[in-house]
Amino acid sequence: MEIITSFIFAFIATMAFAVLFQSPKKILLTDGLIGAVGWVVFISLRDQMGYSSFYANFFGTLALALLSELSARIFKQPATVFVIPGIIPLVPGLGIYKGMFAVINNDYNGGMSILLTAITDSCAIAVGVMLVSSLFRVLKIRKDRRFLIKYHGKDVC
Amino acid sequence: MIMEQAHENKMTRDETLKVALMVGKILLKSGAETYRVEDTINRFCIANGYEVDIFVTPTVIILGNEQVDSFNCVSRIRYRTTNLGMISEMNDMSYKFERWPMSYRGTMAWLEEKLKAQVPYGKWKVCLASAIASASFSAMLGGNSHDFIAAFITGGIAMLVLKQIAGYRPSAFWENALAGVAIGVVALICCAVSVQCTMEKIIVGALMPFVPGVAFTNGLRDYMAGDLLSGNARIAEALLFAASIAIGIAFALRAWVLWGWDLWK
C-alpha cells in the first residue's frame, strides 16, 4: 500500500518537474512513469531489502535509465529528456541543502557528513546514468563511424 | 544525389562556424550537457567538411583549430535555464546535418527564431507545476494532509516570487535567496494558521523545485565524461545555489524567532 502511494506521488512530482523543465508535451506521462519506477525501486531496495543508500540509488537509476533509453528509441527523442526528470525523486538536492543549512548554522560536523552522503548518492546516480548511456552509445558510435567512412572516407570519431 | 543536394546549400567556412556557434549557444542556454554541445557542433562542422576543436564550459564556447593563423570564435553565455523541449528539437536537427536542406540565411533565421521563442509552459503553468511538485514531495517525505496543502501554497508562491524577481535579472544567487525567504515566511504563516502543520515537512517539500540536485549530478556526469572544468563549474554552482537557499530560509526563520512573535501578537 505504501509503495502504491509513493508510486503515485512520485509520478505526479516527476510530471510536475517535467513541466518545470519545459519538456515536450507528448512525453510528460512517460517521464512521470520513469521517475516513479526509479523511486519505487529505490525505496523498496533501501527500506525493505536493507541496501545501503548508494546501492539503492545505483539500482534505481539503472532501472530508470534503461527505461529512458528504451523510451528514447520509441519516441525518437534524446535520452536526456527522459533521464533528467526521471532522476528528480532520487537526486540528493535536499541533502545538499541540509548540509549547507547545517554549515551556516555552525554545525560543521553534521553538515559535512550530510554533504558527503549527498556526494556519494550523486556519484551512484551519475554512474548509473553513464553506464547505461555508454552501453547504448557503443552501438551508435559504430553506426556513426560507418557513416563517416562512407561519406568522407575517414574515421574521425 | 545526396552529395549534389548538399553541394547546392554548401556553406562557406565563416557561415559554418557562425551556424555551429549559434547551435551551441542555443543548446547551452537550454541546459544541455557539455558533451552534447561539443558533439553537436562537431557533427555540424564535419558534415560541412571542416575539422574544429571545441571547448565548452557552462559559460563559454570556444571554437578553433590547431593552425596558428586560423579562425577562432568565442561565445559567452550568461543566462542558462532548463528547456528539454529545445534540446530535443536541436537533437532532431543534428540528425539532418549530413543532408541539411536549408541555406545559410534560412538556417540563421530559423535559429534566431528558436532563440527568441517563448517556452511551451508560461509563468503560471510553471508556478502551478512547482506547487504540485512541492505538495507531492512533502507527501512522499511523510507529511500529512495539512502539510500537503501548505506545501502546495508555499511552493507556488516561492516560484512566483522567483519568476517575478528574475525579470529584473539579478544574479541567480539573489533569486534563490529571495525564494528561500519566501518559503520561510509562507511556511511560518501556514504553521501559525494550522496547528497540525509541521514546519520541517513544509519547507522540505517546498524547496524541492529550487534545490540543485540535478545540477550537482550533471556536474559529476561531466567529470565522468572527462569535462573536468565544466564539472567543477557545475558543482560549484550547485553548492552556491544550495547555500543561497539555505541562507534565505535561515534568515526568515531567525528573523521570525527574533521579532516575529511580537508582530504576530
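Visitor: What makes up residues 7–134 of chain A, helix or strand?
Guide: Helix: over residues 7–134 of chain A the chain is 81% helix and 0% strand, with the end C-alpha atoms 28 Å apart. Helices here are DSSP runs of H or I of at least four residues, strands are runs of E of at least two, and both are numbered from the N terminus. Please keep in mind that this is a predicted model, in which local features need pLDDT of at least 70 and side-chain atom pairs count only at pLDDT 80 or more, while totals for chains, interfaces and linings use all residues. Residues are numbered from 1 along each chain as its sequence is written, chains are lettered from A and ligands numbered from 1 in the order in which they are written, and side-chain values use heavy atoms, leaving out hydrogens and water.

Visitor: What pattern does chain A follow along the sequence?
Guide: Chain A reads α-α-α-α-α-α, in keeping with its 6 helices and 0 strands. Its C-alpha atoms fill a box of roughly 60 × 35 × 30 Å along the principal axes.

Visitor: Which residues of chain A does UniProt list for "transmembrane region"?
Guide: The unreviewed entry lists residues 6–21, 28–45, 51–67, 79–100 and 112–136 of chain A. UniProt positions are given in the numbering used here, feature names are shortened, and annotations may be inferred rather than shown by experiment. In the model, residues 28–45 of chain A are 100% helix, with end C-alpha atoms 26 Å apart. Residues 112–136 of chain A are also 100% helix, and there the end C-alpha atoms are 36 Å apart.

Visitor: How many residues of chain A and chain B are in contact?
Guide: 55 residues of chain A are in contact with 62 residues of chain B, contact meaning heavy atoms within 4.5 Å. The area buried between the two chains is about 5000 Å², and carbon and sulfur atoms give 75% of that. Buried area is the accessible area (1.4 Å probe) that two parts lose on being put together, summed over both. Leu20(A), Gln22(A) and Tyr97(A) supply 14% of what chain A buries against chain B, more than any other three residues.

Visitor: How many salt bridges are there between chain A and chain B?
Guide: The count is 0. A salt bridge needs a side-chain nitrogen of Lys or Arg within 4 Å of a carboxyl oxygen of Asp or Glu, so no pair between chain A and chain B is counted as meeting that test.

Visitor: Which element gives the most to the side of chain A that touches chain B?
Guide: That is H6(A), with 16 residues. The residues of this side of chain A divide into 40 nonpolar, 8 polar and 7 charged. Ala, Val, Leu, Ile, Met, Phe, Trp, Tyr, Cys and Pro count as nonpolar, Asp, Glu, Lys and Arg as charged, and the others, Gly among them, as polar.

Visitor: Why do strand S1 and strand S2 of chain B count as a pair?
Guide: Two strands pair if DSSP finds at least two bridges between them, and S1(B) (residues 53–57) and S2(B) (residues 60–64) have 5, so they qualify. They run in the antiparallel sense, and Ile54(B) has Leu63(B) as its bridge partner in S2(B). With 2 residues between them, S1(B) and S2(B) form a hairpin.

Visitor: What share of residues 19–254 of chain B is helix, and what share is strand?
Guide: The span is 68% helix and 6% strand. UniProt, in an unreviewed entry, places "domain: Threonine/serine exporter-like N-terminal" at residues 19–254 of chain B.
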